[in-house]
Amino acid sequence: MQDLQSIKHRFKRLSQLREQSVRKSLNPRQRVFLDLLPLLFHSNFTMLPGFISPTTPAGIPEYNPDTQTLNTARQFASNFSYTRAASHSYPIEGLFLISSIGGIAFSEASNMDIWLCHQSDLSPDAINELQQKTSAIEGWAELLELEVHFSLIDSKQFRFSHNTPVSTESNGQTQHYLQLEKFYRSAIYIAGKSPAWWLVPPHEEANYTHYLNHLITNRFIPEHELIDFGGLEAVPADEFTGATLWRLYKTLHSPHTSLLNLLLIESYASEYPKTEWLCQDIKNAVYQGSFMTADLDPYLLIYTKVEKYLQHAPSQESLAFARQSFYLKVMGPPDTTLDAATRVSRERYIQQIARSWKWPASTIDELKQIRSWTIQKATAEHAIIVRQLTHSYRMILGFTKDHALQNQENNNNQKLIGRKLHSFLEKKPGKIEIITTHSEVHSKESALSIVENNPAAKTNGWALYLKYVQMTTATDFEPVQKSRTLIETLCWLVINGLYHKHLLINFSSHSLKIPDSELRSILRQISLFLSHNFTFDAPLDVYQTQKTPLHSMILINMGITDNERLCVMSERRSDPLSYGIDRQCFIQTISSISLSSWSEITTSHEDGLDGLFKCLTDIINNTPKPLSLKSVKFVCHMPNRARDIIFRVEVIFSILVKLFSTPQQNQSPRYILPGGTSFYVFQSVNKTLSYKMLTTEQLLLDEISRPQKQFSSIHFDQAVLEDTPIRLIYSMNKPQVIQLFYYDDKTNISVYIIDEKGSFYTQQHTKASISHLLKHYATFLESIISRTLLENMAVIEYYEIEKSSDDIFSCNPVQLNRASLNQELSLRITGEDTDDGIIYTIYCNEKEFSSLDYGNKVFYAAYQHILQFRSAKSNYPVHITDIDLPLTAFRISTPAQLQTIHYLNYKQKIEDKFNV
């Protein structure tokens with residue numbers, strides 16, 4: 001057994017070397033942070049950074065500040081004095097710096113993650129004060145231009161996976177052991193107890209718990225000198241699943257910083273269950289005494305293991321990308337500013353690694369050109385990343401299957417990240433592919449060409465070129481991007497970073513004429529729309545729910561100029577959707593951009609009003625409620641009509657949102673507006689908004705006459721049935737009320753009825769008496785209500801319609817004399833279902849006429865009987881007073897479907913037979 005104190009000393013010496021490397025990367029002002037860090041948690045002094053109160057937990061075992069630290073403290077508090085406390089209880093058990101700290105890749109711009117380990121028996125108030133102190137010290141570090149993050153660790157809870165810190169590198173509990181391995185591989189000891197893991201020799205790693213108990217039980221080392229985070233003797237397989245999925249998720253948006261770690265975990269998983277941990281390499285070097293000469297840089301260890309793993313891969317493109325990622329980690333991204341000495345030192349380091357691993361001779365020269373990377377290079381890199389992500393995802397699915405993992409949390413993560421990957425990688429028409437490496441494009445194009453396919457190609461489409469290209473010469477060049485629609489091309493070049501305000505654009509098209517100023521305006525608006533509303537890296541939780549659109553941009557008539565013939569002003573019909581005497585529609589094309597909750601960008605191109613209304617209904621049906629009008633932006637650039645078109649479309653959309661974005665209980669409103677020479681009717685059925693086009697006014701009247709499942713009010717847009725009283729009577733429509741209106745134009749009497757569910761009925765009567773008509777309709781309506789609709793408490797209202805000299809309709813209530821409703825002639829139609837159809841029975845007062853007796857002449861027989869009551873057998877209309885027929889007569893199946901409009905329509909149908 002090696003001397004345990006000697007082993008502790010070696011590990012602490014390794015940490016000192018790493019800390020010295022950190023200090024070299026910091027400026028003198030920032031080094032003060034490391035000088036004071038342990039002292040700040042060893043004592044509470046008012047003037048020192050992070051002071052909260054004298055009772056904040058403080059005190060670190062085995063720590064005694066040196067003279068330099070005390071002098072630094074006195075720069076903040078001249079009266080500071082330190083007296084070593086004679087205490088055997090230290091609330092703070094240890095301080096450790098984590099991650100790439102101390103490695104070749106560390107710089108003053110790197111993050112510092114710090115584990116502050118505390119006793120398990122601290123009270124909640126004490127932990128809260130400690131949290132406040134760490135936050136205050138983070139704030140002080142920010143003033144020094146350092147990004148510092150503290151994690152409070154209870155080692156006993158940590159050992160049982162109860163408070164594994166969540167960070168950008170892990171999602172906490174599901175990666176407990178892999179995060180512990182990273183800690184052992186990269187942590188820098190600052191002060192406090194020694195990790196117990198140090199004292200378990202490499203050959204006893206598989207017996208970690210047993211061996212550590214042996215050391216403590218036999219008093220080889222006092223337990224109070226150790227902090228035990230646990231060992232790596234029994235890492236569950238599902239950790240690799242969770243870690244791989246998490247890394248896949250992170251790699252989508254930061255490939256160069258995440259891919260090496262993804263490949264490391266993949267290599268670990270490939271060795272399971274006998275995983276060769278990198279932290280074991282460090283421990284071996286320490287125990288062998290070679291840690292002073294061996295290069296134990298944390299990132300070099302990762303790269304080395306990944307290089308060995310990928311040497312046996314069938315494709316070398318992932319290996320090339322891993323080398324590139326390592327280079328970028330050491331040299332920093334292209335915008336990193338390194339002093340000359342540091343740059344030279346790191347370049348030599350990279351060259352040494354390249355020679356050691358036999359990189360191709362051109363690799364480093366190519367990597368030095370990263371500052372001049374173009375979108376073509378980024379696109380090529382993106383293709384490699386996509387293939388690697390797909391491979392890693394399939395690998396971890398196979399790993400999960402092989403080890404029959406049933407961890408519910410991992411299964412859920414697997415499902416969510418699977419959705420994320422599928423969403424990101426799926427290609428479909430109109431979906432914008434976001435290049436994972438688009439942020440690496442540092443050489444911005446100064447000019448490009450957007451070219452429509454030549455008509456001779458017989459395929460619609462557009463292409464983007466990074467040089468001056470005309471439609472006639474396009475086949476001689478390779479485009480950087482192809483798409484079906486122009487909006488897709490514009491969106492792609494904006495989201496992938498090619499657009500900037502000084503970009504020169506050559507636009508070549510046979511179908512569209514877009515001035516340069518309009519094209520620039522469109523690109524600027526798309527850029528603003530995306531920058532304000534699009535999130536590249538949506539949180540994983542959003543994939544718990546169904547994908548929904550969040551924001552939309554609709555461009556109307558893009559590239560279409562005003563038709564001068566349509567610019568003649570019309571005093572009466574100025575509606576851009578149905579303009580002038582000819583009722584012309586100015587909406588010709590619709591190009592839309594939709595941003596989803598899953599960070600997808602999709603585009604579409606539609607024609608005419610159908611395209612507009614399809615977009616609007618899709619937005620209302622799919623956008624989460626409540627729907628904000630601000631979630632949709634309308635754009636139009638037609639010089640003479642843009643403002644009118646946008647205003648009109650915004651009004652329509654606001655009405656649709658008001659009527660249909662929130663379901664109305666027991667109501668199903670309809671919205672009718674003109675479009676060209678037709679009419680469009682919107683209604684929500686089964687919680688889905690749809691519309692239908694009706695080409696004539698008669699078809700519109702037929703539509704509003706249809707039976708409804710529930711009460712359906714109608715909201716008429718301008719210029720719909722404007723010469724009729726129908727708009728007026730629907731403004732008075734109420735549920736569970738039957739309303740009868742009549743209008744006498746001195747020639748005919750028009751009767752309009754809206755039933756209890758909003759269905760419309762109308763009939764004209766010639767040479768009729770108003771009192772007789774009212775008496776007739778009132779008797780009929782009262783009869784069916786008393787028998788079938790009584791439980792719904794339907795009531796009847798009567799109104800007279802008048803028309804002023806200005807052709808304006810108005811109406812006034814009419815009171816009927818109930819005593820006068822008894823008819824001289826009662827005509828009741830009944831029937832019953834049989835296999836041969838409905839058997840009718842007609843009661844004319846007390847006289848009965850049945851289909852059984854008269855067959856299909858039953859109505860004629862009843863009519864002949866009625867004529868006997870008239871002087872000289874006068875021929876004037878017969879009116880039915882009651883109908884009592886089976887549901888099949890009305891072509892419905894349940895009583896709930898039955899409404900007054902069914903009776904009115906059947907009444908007219910039978911009366912037409914009588915009155916032939």
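**Rings, burial and spread**

Visitor: Why is Phe507 called buried?
Guide: Phe507 has 18% relative accessibility, so it counts as buried. Buried means under 20% relative accessible area, exposed over 50%, and partly exposed in between (1.4 Å probe, protein chains only). Trp462, at 7%, counts as buried too.

Visitor: What kind of model is this?
Guide: This is a predicted model, where local features need pLDDT of at least 70, side-chain atom pairs count only at pLDDT 80 or more, and totals for chains, interfaces and linings use all residues. Residues are numbered from 1 along each chain as its sequence is written, and side-chain values use heavy atoms, leaving out hydrogens and water.

Visitor: How many aromatic pairs are there?
Guide: Rings of Phe, Tyr and Trp (its six-membered ring) pair if their centres lie within 6.5 Å; planes under 30 degrees apart are stacked, over 60 edge-to-face, the rest tilted. The count is 46 aromatic pairs.

Visitor: What makes Trp115 and Phe229 edge-to-face?
Guide: Their ring centres are 5.7 Å apart and their planes stand at 65°, so the pair is edge-to-face. Trp115 is in strand S2 (residues 111-118), and Phe229 is in the loop between strand S6 (226-227) and helix H8 (238-251), 114 residues apart. Helices (H or I, at least four residues) and strands (E, at least two) are DSSP runs, numbered from the N terminus. Trp115 and Phe229 are both buried.

Visitor: Why is the pair of Trp462 and Phe507 called stacked?
Guide: The centres are 5.5 Å apart and the planes meet at 25°, so this pair is stacked. Trp462 lies in strand S8 (residues 462-465) and Phe507 in strand S10 (residues 504-508), so the pair ties together parts 45 residues apart in sequence.

Visitor: How do you know that the charge of Lys283 sits over the ring of Trp197?
Guide: The charged end of Lys283 is 3.8 Å from the ring centre. The rule asks for NZ of Lys or CZ of Arg within 6 Å of the ring centre and within 35 degrees of the ring normal. Lys847 also sits over a ring, that of Phe849, 5.8 Å from its centre.

Visitor: Why does Glu307 count as buried?
Guide: Its relative accessibility is 0%, so Glu307 is buried. Glu307 is placed in helix H11 (residues 298-310).

Visitor: Why is the protein chain called more spread out than a compact globule?
Guide: The protein chain has 26 helices and 27 strands. Its radius of gyration is 41 Å, well over the 29 Å from the globule rule for 916 residues, so it is more spread out than a compact globule. That radius is taken over C-alpha atoms; the rule is 2.2 Å times the number of residues to the power 0.38.
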